[in-house]
Each structure stands twice: as structure tokens, then as C-alpha cells.
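Visitor: Could you show me a protein model and walk me through it?
Guide: Gladly, let's look together.

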Amino acid sequence: MGVLSKKIAVLPGDGIGPEVCAEALKVLEAVSERFGHEFELDVQLMGACAIDATGNPLPESTLQACFEADAILLGAIGDPKYDNNPAAKVRPEQGLLRLRKSLGLYANIRPVTAYDVLLEHSPLKADRISGVDMVIYRELTGGIYFGEKGRTEDGAFDNCFYSKEEIVRIAHLAFQAAANRRNKLTLVDKANVLETSRLWREVVQQIAPEYPSVAVDYLFVDNAAMQMILNPKQFDVILTENMFGDIISDEASVIAGSLGLLPSASVGETAALFEPIHGSFPQAKGKGIANPIATILSVAMMLEHFGLQEEADLVKEAVDYTLEKNVLTPELRKDHPFTTEQVGAFIANYVQEGGESFRHLKNIEIGLSTII
């Protein structure tokens, strides 16, 4: 593919969000310099910082910038002053839900990989997780999170609704992914109890014949949660609804041993947002200890979205080399850890220099010395 020019809306957000975004953008700049692409950045407020500045977690100017962008990079949102106040009328998370709905980001895509060099960091036994390589497709704009909510005099309700079309569009994405991977798709539902789950199962069974190479199995969500611990290697592509996906994907995240390693994408018909799965971790803000790898891998997913597979592969190769050389922040390296900026620089320098020449450097310090 030739040289591209893309506009990216950058929403650094709260807590460590700005720090990890800065390193991801450093890597994107390295891609630009090595391959000649042009990435125009439009930095905007979202989250608690936006509430503080404007009273709105998603200002109209931010939403407009997202509509105009080819892709969106999000750091993280959230602040304890809202988390710990049940009476708060405006919350950072409201901005994220509105952004997903406004842009029609109906599919959350979350890859989960167990890196051999980091197996000891997972709470699960190495023989259970070695070789894990799955991707979870979570429906993002329907279900109980967006259903009618309310209170009665002595109770409360949250309605769960799904249309057939909402299921069809994400099911096709999941089947396509499975066909390009190991040809296995698992639908996670609760069809023995919930009518919405029975609709999900019916729709998937109707679509399955269009993908004859893909084997489909079905797990109730409670069993799926257990299997995620007992034998996660059985999974290739998981497809599920909004709330189940929220829970299952967070459970799967412990396999890698760190939330700071896992990227995600949220895509719609015309828009795409890329973000690490971790939160804003305000306790680490400004300390230089946040792991930027998940955000950097989110940039790799963005490059794949743009059709830049060679560039994305180089970023992922750089991350693999960084893990191999133990250039890691404190959560993954207790003795003599590296800073957020150093990890970002090491990966960016690998990308800019190219893997072969960078691997010939005599020591790690040289790899850190040419910070972009």
C-alpha cells in the first residue's frame, strides 16, 4: 500500500491516559517517519477533565472532531471523585457511552494473547495459559446498558432489548475473523433463561451456513466464565452480547498477566476507536510507572484498520522484542524497572530503525538513547 494521509482524533482523557497516549503517538510518529505516512492529530478533551473544563464529559467540539476523524485514539477516562460519589449527576463514563452510541461503535474487539516471557505474571498456571490466542467480539450499543431504566417506589428495573439486525452485523464480523484465524467461533449467551439470548442463538445458527469452514459452539455465560479459567486455550473467537462481553473480556484479561498489555478496538459502519482496556489508574498519574504497551498495541490495531499490515506487524514485533529484553515498567519488572517514557522510546526506536538493525545494537541503553 502507498503513502496514506489520515486524521486522528486523540482523546488522552484522565489519570495515566495522557502519559500512555504520548508514548503511543511517539510510536505512530516513528511509523510516519519510516513509511512516509501523514497522521494529522486533533487532541480533544473527554472524561473527568472535560467535566472540569466544560461541565460535559463529551463536549460537542470533541464529538464533532471524532465525526471528522478517520480514527480515534482514546487513553482512559475516570476519576475517584466521581466513582466515590453515587449522587453525581454527571460522570466521565456517560461521555464514553454517548460517544459509542453517537458514532455507532457497535462492535468491541479485544484480542487476548499470553506472552511466553510473561507467563509467570498471570495468576493462572503457565500450562493452562501458554499458547492462548483469542479475540472477543462484544456487542457494544445494545442490551441492558442501553435499555429503559427506572425506579419504582420499592424497586428498580433495567430492560434488555436486542434487534435481529444488531446481532447480525456483529455476528458477521466475528465469523469473518474466525475464518481468517483458526475457524472456531464460540457464542456465549444464557439461552436457557433469557429470551434475548435465544434470539442471539437463532441468528447465529441462521448465519453459520454462510461460513462453512467455521465450527460453531455455544456456551452459557456461567460455564464460559469457568472455562476461561480451566482451559482458555480452547477459545479462538468469542461472540457475545454487551454485558456478558464486559464481564468475560475482563476475566480474560488476567491471562496476559497485566491490563497494561491488552489493546482494543470499537468499530462501526464508518467510525473506529482504539484504546487500551485498562482504566485511568489515577494513583499512578505523573509517576512515570504506567505501562504504555496496551495503548501502543491499540495503535497497531489502528494501523491494521487503515490497511497498513506491514506497519502494524512492525509495531507488534517491536513490542515482542521489548518484552523479550525485559524493558518493562514496574508492574512487570520489580527490579530496576523502566519508565513509561523509556518503554515508549524503546518501541518507537525499534520501529524507526527497523527490526534487523535495531536488534544489532550492543546494549539496551543505546536503544533508549535516541528518544524520538
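Visitor: Which cysteine sulfur is closest to the sulfur of Cys66, and how far away is it?
Guide: Keep in mind that this model is predicted. A disulfide needs two cysteine sulfurs within 2.5 Å. For Cys66 the gap is too far for a bond, because the closest cysteine sulfur belongs to Cys21, at 12 Å.

Visitor: Is Cys66 buried or exposed?
Guide: Buried means under 20% relative accessible area. Cys66 has 2% relative accessibility, so Cys66 counts as buried.

Visitor: And what about Cys49: how far is its sulfur from the closest cysteine sulfur?
Guide: Cys49 counts as partly exposed, at 23% relative accessibility. The closest cysteine sulfur to that of Cys49 is again in Cys21, and it is too far for a bond, at 11 Å.

Visitor: How many disulfides does the rule give?
Guide: The rule asks for a pair of cysteine sulfur atoms within 2.5 Å. Counting that way, the number of disulfides is 0.

Visitor: Let's move to helix H10. How far apart are its end C-alpha atoms?
Guide: H10 runs over residues 242–253, which makes 12 residues. At 1.5 Å a residue, the helix should span 16 Å. The model agrees with that, since the end C-alpha atoms are apart by 17 Å.

Visitor: Where do the buried residues of H10 sit around the axis?
Guide: The buried ones are Asn242, Phe244, Gly245, Ile248, Ser249, Ala252 and Ser253. They cover an arc of only 160° around the axis, so they lie on the same side of H10.

Visitor: Which residue caps the N-terminal end of H10?
Guide: Look for a side-chain oxygen 2.8 Å from the backbone nitrogen of Met243. That oxygen belongs to the capping residue, Glu241.

Note on methods. Residues numbered from 1 in each chain as written. Predicted model: local features only at pLDDT ≥ 70, side-chain atom pairs only at ≥ 80, totals over all residues. Heavy atoms only, no water. Helix = DSSP H or I, 4+ residues; strand = E, 2+ residues; numbered from the N terminus. Expected span 1.5 Å × (residues − 1). Buried < 20%, exposed > 50% of the residue type's maximum accessible area, 1.4 Å probe, protein only. Arc of directions from axis to C-beta. Polar contact = N/O pair within 3.5 Å; in protein donor to acceptor, adjacent residues only side chain to side chain.
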